[in-house]
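Trainee: I want to go through the terms used for this structure. Please give me the cut-off each time, then the conclusion.

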Amino acid sequence: MRVPFFVFTPLALGACATVSVQDELPPPRDPGSCDADAVQSHLGHEATSDMGAAILAESGARTLRWGPPDSAWTMDYREDRLNVRYDRDMKITAVTCG
């Protein structure tokens, strides 16, 4: 019994398929976009201007917004902005992007 050539062609071509390393990497971030995960280690630190500058640099964000206790914030989202909230004792309680 002869099997036609075209039956094996898709199988042979499928064996040649490869997965690129780029498929496994996360998509690149835009320059200036915020990465709050990178600065979560600063929770509990004192909220000072020097600390704010360090957190801003480590996060990759372009702007920093301080959130004093009991303050209202706008709900607009900006991917280049880092939000740092602190309590009455001037301790950092949350670091988020937006």
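Mentor: Start with the salt bridge: a side-chain nitrogen of Lys or Arg within 4 Å of a carboxyl oxygen of Asp or Glu. Arginine 78 and aspartate 80 have their closest N and O atoms 3.3 Å apart, so the pair is a salt bridge. Note that this is a predicted model: local features need pLDDT of at least 70, side-chain atom pairs count only at pLDDT 80 or more, and totals for chains, interfaces and linings use all residues. Residues are numbered from 1 along each chain as its sequence is written, and side-chain values use heavy atoms, with hydrogens and water left out.

Trainee: How many salt bridges does the rule give?

Mentor: The count is three. One of them joins arginine 88 to aspartate 70, with the closest N and O atoms 2.2 Å apart. This pair links distant parts of the chain, 18 residues apart. Arginine 88 is in the loop between strand 2 and strand 3 (92–97), and aspartate 70 is in the loop between strand 1 and strand 2.

Trainee: What makes aspartate 76 and arginine 81 a salt bridge?

Mentor: Their side chains meet at 3.4 Å, N to O. The limit is 4 Å, so the pair counts. In general, side chains of opposite charge can pair when their charged atoms come close.

Trainee: What else does the side chain of arginine 81 reach?

Mentor: The backbone oxygen of aspartate 76, at 3.0 Å. Arginine 81 is found in strand 2. Strands are DSSP runs of E, at least two residues; helices are runs of H or I, at least four; both are numbered from the N terminus.

Trainee: Which residues does arginine 81 touch, not counting those up to four places away in sequence?

Mentor: Contact means heavy atoms within 4.5 Å. Among those touched are Cys34, Ala61, Thr63 and Thr96.

Trainee: Why is alanine 61 called buried?

Mentor: Its relative accessible area is 10%, so alanine 61 falls in the buried class. Alanine 61 is found in the loop between helix 2 (49–59) and strand 1 (63–67). Beyond four places in sequence, its contacts include Gly32, Leu56 and Leu82.

Trainee: How many aromatic pairs does a search of the whole structure find?

Mentor: One. Rings of Phe, Tyr and Trp (its six-membered ring) pair if their centres lie within 6.5 Å; planes under 30 degrees apart count as stacked, over 60 as edge-to-face and the rest as tilted. Tryptophan 66 and tyrosine 86 have ring centres 5.8 Å apart and planes at 75°, so the pair is edge-to-face. Tryptophan 66 lies in strand 1 and tyrosine 86 in strand 2 (residues 81–86), so the pair ties together parts that are 20 residues apart in sequence.

Trainee: Are those two partners buried or partly exposed?

Mentor: Tryptophan 66 has 32%, so tryptophan 66 is partly exposed. Tyrosine 86 has 15%, so tyrosine 86 is buried.

Note on methods
Buried means under 20% relative accessible area, exposed over 50%, partly exposed in between (1.4 Å probe, protein chains only). A polar contact is a pair of N or O atoms within 3.5 Å; within protein, one must be able to donate a hydrogen and the other to accept it, and residues adjacent in sequence count only if both atoms are side-chain atoms.
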